[in-house]
Amino acid sequence: MALSLRKIACIGAGYVGGPTMAVIADRCPDIDVTVLDLNAERIAAWNSEDLPVYEPGLAEVVSRARGRNLRFVGQAEGAAYVAAADAVFISVNTPTKTEGEGAGKASDLRYVESCARFIAAHATGHTIVIEKSTMPVRAADCVKSILATARPGVTFDILSNPEFLAEGTAIRDLEQPDRVLIGGERPESIAALAEIYRRWVPAERILSTGLWSAELSKLVANAFLAQRVSSINSISALCEVTGADVEEVAAVVGADSRIGPKFLRASVGFGGSCFQKDLLSLIYISESYGLTEVAAYWQQVVDLNQWQKRRFADLIAAPIADGAGSLRGRRIAILGFAFKKDTNDVRETPAIDVCRRLLARGATLAVHDYRVTPESVRSELGALGVEVAATPEAALAGADGVAVLTEWSAYATLDWARLAGRLKVGAVIHDGRNILDAAAVRRAGLTLRSIGRGAQPNA
Ligand code: NAD
Ligand code: UGA
């Protein structure tokens with residue numbers, strides 16, 4: 001008889017677990033969905049009107065399903081739901097290891113392992129365990145060996161179902177994915193999970209592979225995306241010195257259908273919780289198989305990104321530093337702190353590196369963001385020399401320099417004619433996302449430096 005998944009549980013109520021399960025529950029009213037997390041505060045937030053994750057459209061999806069077939073519970077209460085579940089997703093964090101073998105590169109699987117132990121302790125009958133977290137290739141072996149410690153008669157099958165959503169567009173990505181990937185060994189388990197996605201995803205977009213290919217494909221997809229950003233960012237530096245315009249170059253290059261236009265926006269650098277972590281994981285795996293050239297190739301994508309962030313900070317500092325290179329007494333307005341627009345997430349945001357570099361040189365920063373809380377800014381930068389501004393106008397008051405670090409749409413329509421008077425005379429505006437209306441900025445008599453654009457005529 002074909003397997004049918006009627007009750008599912010998901011361990012981990014973060015940026016992936018919460019939205020993914022909310023969409024599954026929304027699309028499958030007949031499936032009972034429980035999301036559990038060790039973090040009681042996060043669970044309380046998921047049960048409130050003030051969700052812990054900001055994503056356009058998420059609140060509506062949650063409000064349709066929560067209290068019907070979607071619930072968020074703490075770990076203790078979650079045990080019974082794991083026991084009753086036909087399938088359990090593991091959607092916990094897999095950060096870069098900070099100690100032990102592979103520190104600084106390998107993915108830390110301790111949270112995944114603890115989930116596997118929890119499932120082994122509580123599951124009953126036959127349970128499909130689904131890796132939703134991003135894992136190193138062959139990590140399923142480690143999960144399997146933990147599950148093998150379960151009570152006699154309790155059986156498991158394991159699937160890899162990595163998530164490709166991007167923050168800021170998570171709901172759209174989940175509702176209309178380019179593809180859903182299911183890796184596994186048993187066709188009946190793959191079919192049971194595919195049956196859930198089939199409710200709203202066309203069959204041809206549901207790809208099935210072996211376990212190891214699924215695990216590796218996820219790392220490789222992120223590595224390729226990050227590589228495109230580092231590629232165009234390397235060209236941005238070349239454009240600035242030659243007078244070429246990176247936007248024009250990207251448009252021409254991207255018009256080749258073999259290359260395509262996406263992920264060619266030059267920027268202050270890529271951020272987010274996954275690109276660097278997943279690149280480092282790929283590098284570590286390559287090294288551990290003795291593939292040093294492969295590791296070095298991908299390491300360059302990381303290095304270029306670090307360089308771009310340093311380079312951008314130094315461009316901001318150059319016109320206002322004193323003879324000794326100090327920024328003491330200089331105030332810099334930072335517009336945007338999130339790693340991209342439409343999210344409140346600051347993990348690995350390029351703003352952290354840029355701001356820390358400016359602070360280290362003695363600058364005072366006035367940071368504005370539409371969604372990032374003052375606490376998040378302070379926990380990354382500390383309080384010394386850091387002011388969190390409630391509006392862009394407040395951040396700009398008395399600034400010697402301005403840096404746009406996140407591409408929030410509202411920054412694109414700032415009224416520079418009105419704002420120019422708030423800045424110190426001679427202040428330079430550095431657009432790290434190329435979203436400002438260059439003509440409007442210049443009409444206001446201000447100097448604009450855009451990433452990947454040589455000095456402009458009246459700059
Ligand atoms: P996150 O940190 O937002 O959430 C993880 C949650 O897991 C946390 O709330 C944490 O408290 C909980 N947790 C950890 N160990 C637990 C345990 N033993 N029991 C119960 N709860 C536990 O992480 P995230 O951004 O949702 O990422 C999760 C995974 O998905 C990672 O592997 C990541 O690489 C991958 N991923 C993330 C994104 C993204 O956009 N953030 C996209 C695709 C894939
Ligand atoms: C990325 C991938 O796009 C998702 O497919 C993947 O699931 C996810 O990582 C993950 O595994 O966590 P995300 O990091 O949320 O999603 O956001 P992206 O849109 O990929 O942006 C990543 C960073 O690259 C951001 O800082 C963004 O500003 C930057 N970027 C992106 C550029 O600088 N230029 C571009 O052209 C595109």
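Predicted model: local features only at pLDDT ≥ 70, side-chain atom pairs only at ≥ 80, totals over all residues.
Ligand 2 is surrounded by 20 residues. The closest are Arg265, Ser267, Phe270, Gly272 and Cys274. By class, the shell around ligand 2 holds 11 nonpolar, five polar and four charged residues. Helix 9 (residues 211-242) gives the most to the shell around ligand 2, again as three residues.

Helix 9 also packs against helix 11, which covers residues 275-288. The angle between helix 9 and helix 11 is about 115 degrees, and their axes lie 9 Å apart. The crossing of this pair is left-handed. On the helix 9 side, the contact is formed by Leu219, Asn222, Ala223 and Ala226. Their counterparts in helix 11 are Phe275, Asp278, Leu279, Ser281 and Leu282. The contact of helix 9 with helix 11 contains six nonpolar, two polar and one charged residues.

Helix 12 (residues 292-317) packs with helix 13 (residues 350-360) at an angle of about 45 degrees. The axes of helix 12 and helix 13 are 9 Å apart. Helix 12 is therefore oblique to helix 13. Their crossing is right-handed. Helix 12 brings Lys309, Arg310, Phe312, Ala313, Ile316 and Ala317 to the contact. Helix 13 meets these residues with Pro350, Asp353, Val354, Arg357 and Leu358. By class, the contact of helix 12 with helix 13 has seven nonpolar and four charged residues, with no polar ones.

Attention then turned to a loop glycine. Gly426 sits in the loop between helix 17 (416-419) and strand 13 (428-431). Gly426 has 11 C-beta neighbours inside 10 Å. Gly426 therefore counts as exposed, because the cut-off for that class is 12 or fewer. Gly426 and Gly401 are 25 residues apart along the chain. The C-alpha atoms of these two glycines are separated by 8.5 Å.

Methods. Residues numbered from 1 in each chain as written. Chains lettered and ligands numbered in written order. Axes fitted to C-alpha atoms, helices over the stretch in contact; angles between N-to-C directions. Helix = DSSP H or I, 4+ residues; strand = E, 2+ residues; numbered from the N terminus. Parallel < 35°, antiparallel > 145°, perpendicular 65-115°, else oblique. Left-handed = near helix turned anticlockwise from the far one by under 90°. Contact = placed C-beta atoms within 7 Å. Nonpolar A, V, L, I, M, F, W, Y, C, P; charged D, E, K, R; others polar. Buried ≥ 20, exposed ≤ 12 C-beta atoms within 10 Å, placed from the backbone. Near = placed C-beta within 6 Å.
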